[in-house]
Amino acid sequence: MFKYKSSKDTGAKSWIYQRISGIALVVFAIGHYILMHFQPEAGKTYEAVFARMQFSWYRIIDLTFVTLALYHGLNGIWGIFRDYDLKSGTKITIISALLIFGLAFLFWAYYIVFSIPYGKPMP
Amino acid sequence: MAEKINPKIKTFDQKEWVKTNLSYKKDSGSWAWILHRISGVALIAYLFLHIWSISPLVQGKAAFEQKMATYSSTLFSFVEWFLFAFVLFHALNGVRIIIVDWADGAKYHKQLYLYTWVIGILLFLAMGLIMFSHIF
């Protein structure tokens, strides 16, 4: 009744990437919460953000965090849809929508980080 | 080739999936699954909101601080606190899933589910203490 339907993708890669990104996100999230909530003044003001962004390694951490989070989240949403027996047209529509939405927000996040200048803060 | 379907076996009707899902007997694992999905969808929705909400950084200090001022109300802190509950459940249950997959956790997954809640509630209360000590 529930026989295996013509797909070469067993989902094994998606499964392992979801676990690896999940573990990484837990580590990033702990750092993010300590930074943002132990001392809000040191975490959330424009000056604090600007000061952190002077270090390129911090920008790399930030962008890795948002990239992994978007990947993990959208792959998770796709995982929910994959539980149901969808027609291939519906599948393509959903995957395209997730990809477009995800890439748009990913580039927006990159744009925000790179718009913060090195050197002198914007008024 | 048409398959013979035994009429005694109830097949899954996708049009009634809510009803079907609700009819299942739910043990700790089913609740973990349901809550993991709900918290996951909530978190990705929040991530989009989060990118949007910090986007005034592009315009500089004044625009960013004006936007941040709207998020510094006590009500919003409560929302943030409950957002942390979603993060906690998803992270701790995610660790539980990994232990089930990789460390023979299927043999003790119910204890792990209990630890998820115990550790989660303790960290939730600790975060409340940290967050609201800055406000009150």
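Predicted model: local features only at pLDDT ≥ 70, side-chain atom pairs only at ≥ 80, totals over all residues.
Buried here means under 20% relative accessible area, exposed means over 50%, and partly exposed sits in between (1.4 Å probe, protein chains only). Residues are numbered from 1 along each chain as its sequence is written, chains are lettered from A in the order in which they are written, and side-chain values use heavy atoms, with hydrogens and water left out.

**Chain B overall**

- Chain B has 5 helices and 0 strands, where helices (H or I, at least four residues) and strands (E, at least two) are DSSP runs numbered from the N terminus.
- Reading from the N terminus, the order of elements in chain B is α-α-α-α-α.
- Of the contacts in chain B with a separation of 6 or more, 67% join residues 24 or more positions apart; contact means heavy atoms within 4.5 Å.
- Chain B has an accessible surface of about 9100 Å², and carbon and sulfur atoms hold 70% of it (Shrake-Rupley method, 1.4 Å probe; for residues, only the protein chains shown count as cover).

**Where chains A and B meet**

- Chain A puts 41 residues into the contact, and chain B puts in 41 residues.
- Together the two chains bury about 3500 Å², with 74% of that on carbon and sulfur atoms; buried area is the accessible area (1.4 Å probe) that two parts lose on being put together, summed over both.
- There are 2 salt bridges between chain A and chain B, each a side-chain nitrogen of Lys or Arg within 4 Å of a carboxyl oxygen of Asp or Glu.
- One of the residue pairs joined this way is B:K61 with A:E47, at 3.0 Å from N to O.
- On the side of chain A that touches chain B, the elements giving two or more residues are α1 (12-37), α2 (40-44), α3 (46-52), α4 (56-82) and α5 (88-115) of chain A.
- α4(A) supplies the largest share of that side, 9 residues.
- That side of chain A splits into 27 nonpolar, 8 polar and 6 charged residues (nonpolar: Ala, Val, Leu, Ile, Met, Phe, Trp, Tyr, Cys and Pro; charged: Asp, Glu, Lys and Arg; polar: the others, Gly among them).

**A look at B:K26**

- B:K26 lies in the loop between α1 (17-23) and α2 (28-53) of chain B.
- Its relative accessible area is 24%, so B:K26 counts as partly exposed.
- Beyond its neighbours within four places in sequence, B:K26 touches B:N21, B:W31 and B:I34.
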